[in-house]
Amino acid sequence: MSDLRIAVSGAAGRMGRRVIAQVLGQEGMTLAAAVDGPNSEFLDQDAGTVAGVGEAGIPITSEYGDGIDAIIDFSTPPGLEQAANFSIERAVPLVAATTGLTELQIALIDEAAKKTAVVFAPNMSLAVNLCMKLASDAAAALKDAPGGADVEVVERHHRYKEDAPSGTALHFGKLVAEQMGQSNHVHGRDGRPGARPHDEIGYHALRLGDTVGEHNVTFGLLGETIELTVRSHTRDSYAIGAVAAAKFVAGRSPGHYTMNDVLGL
Ligand SMILES: NC(=O)C1=CN([C@@H]2O[C@H](COP(=O)(O)OP(=O)(O)OC[C@H]3O[C@@H](n4cnc5c(N)ncnc54)[C@H](O)[C@@H]3O)[C@@H](O)[C@H]2O)C=CC1
Ligand SMILES: O=C(O)C1=N[C@H](C(=O)O)C[C@H](O)C1
């Protein structure tokens, strides 16, 4: 069987470099393209060298080429648009990992899923996706807890992160709200907001040094508290999940697939 040819979007970024390292290190997988922004200082440089894993023979470019079996995108909202448009034009399977997208950009991913197989997830890590399931289960069990359960989501990331709260924090909140029905999503608190209504999920975004990524979901009951915490120590936890997702979507029927599908959760 021939190698799976992967294009990495956001190739010179923190995540792109780790994805390239994974792709180059895996049997049965080839780096077919390394795409970064049109103004990237890394254009024309070797993708493997930029990733710190030795020469790959693939230059970083601003355009996709031919012969791509799947795209893994960890870039920026415009980078995701470019990747999704290419995926739509060529029916190339897409792993969409960029967060902080607009409704229009999400609609573009939906369009791609009509043409090809797509995994669109704010977090590709095994531990985080398992924690999402646990949070959903906890929310279902606590839905009718006596006195009610207050849910707060706290996330910590590195100082360079551009969107807040994280896509993962928002997804935790969505999963909880699907079970418990909260319709009010509050971002931080200030002044005198008054007593906390039950119909609310609070989100709090911390930006600290080089923190890779941490999420905490707290269920506050009357008399006791439950906390779920997941910490990513290395970006490889996301890169490994993304590469597994690329293997999963390649050659699969069009449609949206989840990380639960990929990871068998
Ligand atoms: N779903 C997941 O598991 C994870 C998602 N992310 C998300 O991935 C995204 C990237 O994160 P980082 O690597 O930390 O950011 P970064 O800022 O280090 O890298 C982004 C890269 O995208 C490049 N870029 C800009 N325009 C582009 C274009 N048109 N086409 C291709 N590339 C382009 C930039 O030049 C840069 O090299 C963020 O949205 C982040 O939230 C990050 C980690 C895990
Ligand atoms: O920007 C990051 O670093 C991360 N972004 C994702 C998000 O916004 O949820 C996933 C992970 O937490 C790291």
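Where does ligand 1 sit? Ligand 1 sits in the largest pocket.

1. Basis. This is a predicted model, in which local features need pLDDT of at least 70 and side-chain atom pairs count only at pLDDT 80 or more, while totals for chains, interfaces and linings use all residues. Residues are numbered from 1 along each chain as its sequence is written, chains are lettered from A and ligands numbered from 1 in the order in which they are written, and side-chain values use heavy atoms, with hydrogens and water left out.

2. The pocket. The space taken by ligand 2 is also the largest pocket. A pocket here is an open set of points on a 1 Å grid over the protein atoms alone, where a 1.4 Å probe fits and protein lies on both sides within 12 Å along at least five of seven lines. A molecule sits in it if more than half of its atoms lie within 2 Å of its grid points.

3. Shell of ligand 1. There are 24 residues around ligand 1, and Arg14, Met15, Asp36, Thr99 and Met124 come nearest; a residue counts as near if one of its heavy atoms lies within 4 Å. The shell has 9 nonpolar, 11 polar and 4 charged residues, with Gly classed as polar. Helix 1 (14-25) and helix 3 (77-90) each supply at least two residues; helices are DSSP runs (H or I, at least four residues) and strands likewise (E, at least two).

4. The term covers a pair of N or O atoms within 3.5 Å. A nitrogen atom of ligand 1 lies 2.9 Å from a backbone N or O atom of Pro122. For a backbone N or O atom of Asn123 the distance to a nitrogen atom of the ligand is 3.4 Å, and for a polar side-chain atom of Thr76 it is 3.3 Å. The protein buries 82% of the 860 Å² that ligand 1 exposes when taken alone (Shrake-Rupley method, 1.4 Å probe).

5. Ligand 2. Its surroundings comprise 13 residues, the closest being His157, His158, Lys161, Gly167 and Thr168. By class they are 3 nonpolar, 8 polar and 2 charged. At least three come from each of domain 1 (4-124 + 235-263) and domain 2 (126-232), with bounds from an automatic or database domain assignment.

6. Backbone geometry. Most residues other than glycine have a negative phi, and most peptide bonds are trans. The peptide bond from Ala164 to Pro165 is cis, with omega near -10°; Pro165 is in the loop between strand 7 (150-157) and helix 6 (167-180). Asp44, not a glycine, has a positive phi of about 75° and lies in the loop between strand 2 (29-35) and helix 2 (47-51).

Terms used:
1 Å grid on protein atoms, 1.4 Å probe; cavity = no way out; pocket = protein on both sides within 12 Å on 5 of 7 lines; lining within 4 Å. Polar contact = N/O pair within 3.5 Å; in protein donor to acceptor, adjacent residues only side chain to side chain.
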